[in-house]
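Subject: Structure handover

Hello,

Here is the structure you will be working with. Please open it first, then read the notes below it.

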Amino acid sequence: MNIKEILQSTAQILMPRTCPVCGKALDGGERYICRRCLMDMPRTMYEAVPLNNMAQRFVGAVPVERASAYFFYERNAPYSQILQDIKYRNVPDMGRWLARRYAESTADSGLWDGIDYLIPVPLHIVKLAKRGYNQALYIALGISDATQIPVYEAIDAVKGHATQTHKSAFERRQNTKGLYASIPEADETLAGKHVMIIDDVITTGATLLSCAESLCHIPDISISFFTLAAARLA
């Protein structure tokens, strides 16, 4: 056993890795989430339903080809801790790992067919500097790991905004208007392409909608959406 393995073993004894959902200590074969919680993950199965509740959220606002999410999100429920870890507790690699698992499990669903680029929802430069990473980029990279679809950071967050937490659907929409703009090169690169906009979670859909609107001027572009989690949309 080398020094690195000894240090890892010692750290595991002193501070064992635990599942963010149930709090159980992970065994050597478990990564990020225990087997039981992975098996019980509240899957949306949206990839099997073309006009699902998530896709319906955008009807009449922007033309959407497909929309899907891995699991259902409820604030303060055990599975919400996954998003807390990914977004706020410096565990973005868990987002990449989960996204890759999802993409691998849905490889034959048709969800990824014809997608030319994966576009992560951007963070404003101030928030990015404070957090140190963009969780949506890690999720996009996980999908790319499994599908080989390239990641393209085609959207900029041109101004900051207040947190969306505790805001109503109307307030969220007002809060995200004019936040995003496509980069200059995107007009030529994305003309006639099918892109999938990626984020960590969808609640009202205001953020995804604002990102999509920043691309809608591009000729013949097609837009789809994926988020790791989704609130149970009515």
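Leaving aside its neighbours within four places in sequence, which residues is Glu47 in contact with? They are Ser68, Tyr102, Thr106, Ser109 and Leu111, where contact means heavy atoms within 4.5 Å.

Before the rest, two notes on the source. This is a predicted model, in which local features need pLDDT of at least 70 and side-chain atom pairs count only at pLDDT 80 or more, while totals for chains, interfaces and linings use all residues. Residues are numbered from 1 along each chain as its sequence is written, and side-chain values use heavy atoms, with hydrogens and water left out.

More on Glu47

Glu47 sits in the loop between H2 and helix H3 (53-56). Helices (H or I, at least four residues) and strands (E, at least two) are DSSP runs, numbered from the N terminus. Is Glu47 buried or exposed? Glu47 counts as buried because its relative accessibility is 14%; buried means under 20% relative accessible area, exposed over 50%, and partly exposed in between (1.4 Å probe, protein chains only). Its side chain makes two of the polar contacts described here: one with the side chain of Arg43, at 3.5 Å, and one with the side chain of Tyr102, at 2.8 Å. A polar contact is a pair of N or O atoms within 3.5 Å; within protein, one must be able to donate a hydrogen and the other to accept it, and residues adjacent in sequence count only if both atoms are side-chain atoms.

The chain as a whole

The chain has ten helices and six strands. It holds 234 residues, of which 46% count as buried. Among contacts with a separation of 6 or more, 73% are between residues 24 or more positions apart.

The sheet

In what order do the four strands of the open sheet lie? The order is E1-E6-E5-E2, and the pairing is parallel. Strand E1 (67-73) and strand E2 (117-120) are the edge strands, since each pairs on one side only. From one strand to the next, the twist averages 20°. Two strands pair if DSSP finds at least two bridges between them; E2 and strand E5 (residues 194-202) have four, in the parallel sense. Within E5, Ile197 is the bridge partner of Ile119.

Helices around the sheet

Helix H7 (residues 135-147) packs on the sheet, where it touches E2, E5 and strand E6 (222-231). The direction of H7 makes about 125° with that of E5. Axes are lines fitted to C-alpha atoms, for helices over the stretch in contact, and angles run from 0 to 180 degrees between N-to-C directions.

Helix H10 (residues 206-213) lies across E5 and E6 and runs at about 155° to E5. H10 is mostly covered, with seven of its eight residues buried. Those buried in H10 include Leu208, Leu209 and Cys211.

In helix H4 (residues 80-88), the buried residues are Ser80, Ile82, Leu83, Asp85 and Ile86. They pack against E1, helix H5 (92-105), H7, E5 and E6. An α-helix has 3.6 residues a turn, so residues three or four places apart point the same way.

Positive phi values

Just after H4, Asn90 has a positive phi of about 60°. Tyr32, in the loop between helix H1 (3-14) and helix H2 (35-39), has a positive phi of about 75° although it is not a glycine. Asp220, in the loop between H10 and E6, has a positive phi near 60° and is also not a glycine. Asp220 counts as exposed because its relative accessible area is 66%.

Ser182

Ser182 lies in strand E4 (residues 180-182). It is buried, with a relative accessible area of 18%. Ser182 and Asp156 are 26 residues apart in sequence, while their C-alpha atoms are 6.1 Å apart in space. Leaving aside its neighbours within four places in sequence, Ser182 is in contact with Ala154, Ile155, Asp187, Ser214, Leu215 and His217.

Regards
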